[in-house]
Amino acid sequence: MNTKNSEKLYKKGCENLVGAVNSPVRAFASVGGNPLFIDKAKGAYIKDVDGNKYIDMVLSYGPMILGHRNKNVEKAVAQALKKGYSFGASTHAEIKLAKLVCDAFPGMDKVRFVNSGTEAVLSAIRLARAHTNRDKIVKFSGCYHGHMDAMLVAAGSGLATLSLPGSKGVPAQAVENTLIAEYNNLESVKAHFEKNDDIAAVILEPVTGNMGVVEPTQEFIQGIRELTKEKGALLICDEVMTGFRSQFGGAQELIGVQADITCLGKVIGGGFPVGAYGASDEIMSNVAPLGGMYQAGTLSGNPIAMAAGISTLTELQKQNPYDQFNEVAEKVEGMLLTSANKYGVELTVNRFGSMINPFFTNKEVTNFTDAQTSDTDKFAKFFWAMMENGVFLPPSQFEAWFLSTEIKEVELEKLSVAIDKSMGVVGSL
Ligand SMILES: *Cc1c(COP(=O)(O)O)cnc(C)c1O
């Protein structure tokens, strides 16, 4: 694989950018090697600056669910551009996207648009605290909720109850109200409620993508829903990744739970920077200008981003690709397991709708501790072999792969060949 131009740009990029990337997930640190530089993308494919073409299973970490440069989205964006880029005042487009979003999530009467998933979560947490007059938040190890201080908490070793900052620069005080629990372990949540009567909210990815794909058990998710209700705490579902991806109504619709506050991002902006948080009229009435919880944004509800969001969601409604995503994911799962079996590689595959990923472990993966039993060296070998064979994967064992509606029979055929060759490389280690 020729990556001469990427290497050149990487060196140049390091002069004025941090590690030549604007988000560390784009660095190839955990698989060894330097990040690729992308020139352009279309449909299911992405092309780097050396002309290598890949089936894109990163999809900008989720947003590009329709593949790249969907015709109708492109048209909508071009039209919006002609009218101006930003006004610092309301537009009709914001109302249209708000209606689409609120109709998709039962229990969501109002929504506020922001510019990223991080912003959606930090606002949702402020809202939960404002609404309950309580400060503590229960979060699960392995769930990612953006880079706000209070959510950058790693679980301590062993039992996940220690609240230690997972990043330099996060003051201990910033995470002292963050309680860590274990995913799919209801007892670990109950334990926090027994010790604390000032928990404002439990936040979780209703299906995770940030420790790889992990589905909640019904006992776990319904247990949390009942417990939060009983204790007067709110349930925040962070659907920044799963919203409009797992199902039009998010993962909540499929697992049968209704959050008090829902966070959205990624797909909702169709590739442009949009985040959102929404809830019932009662809860949202805390937000300024209706209430005393302040949250603002110069570019929030940006008309270009709204146009991309509206057209992406409208297209998803029209195509209703969710059953097909399941079928495609099932096929990819079959490819992974068949090849792993053929080459004697221990592998667990988790999937949910259009999110799927293999864990290089023989364990069932139901939480972060299980996920961490994966052999990341094997993943790195697999990753590079997949790249060599024309498939762009997230450069981490702990990220979901994403499907777009542009993955058709031809791409599945190519995936099958790439997976078999790459698993062969891992098997010969
Ligand atoms: C990506 C992600 C975020 C953060 O969104 P950004 O737009 O990167 O700030 C938050 N929560 C979840 C579940 C995510 O997947």
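Modeller: Of the 429 residues in the chain, 57% are buried, where buried means under 20% relative accessible area, exposed means over 50%, and partly exposed lies in between, with a 1.4 Å probe and protein chains only. This is a predicted model, in which local features need pLDDT of at least 70 and side-chain atom pairs count only at pLDDT 80 or more, while totals for chains, interfaces and linings use all residues. Residues are numbered from 1 along each chain as its sequence is written, and side-chain values use heavy atoms, with hydrogens and water left out.

Ala41 counts as buried because its relative accessibility is 14%. Apart from its neighbours within four places in sequence, Ala41 is in contact with Ile46, His68 and Arg69, contact being heavy atoms within 4.5 Å. Thr178 stands 137 residues from Ala41 along the chain, and the C-alpha atoms of the two are separated by 40 Å.

As for the setting, the chain as a whole has 14 helices and 16 strands, and its C-alpha trace spans about 55 × 55 × 45 Å along the principal axes. Among the contacts in the chain with a separation of 6 or more, 71% join residues 24 or more positions apart.

Note on methods: Helices (H or I, at least four residues) and strands (E, at least two) are DSSP runs, numbered from the N terminus.
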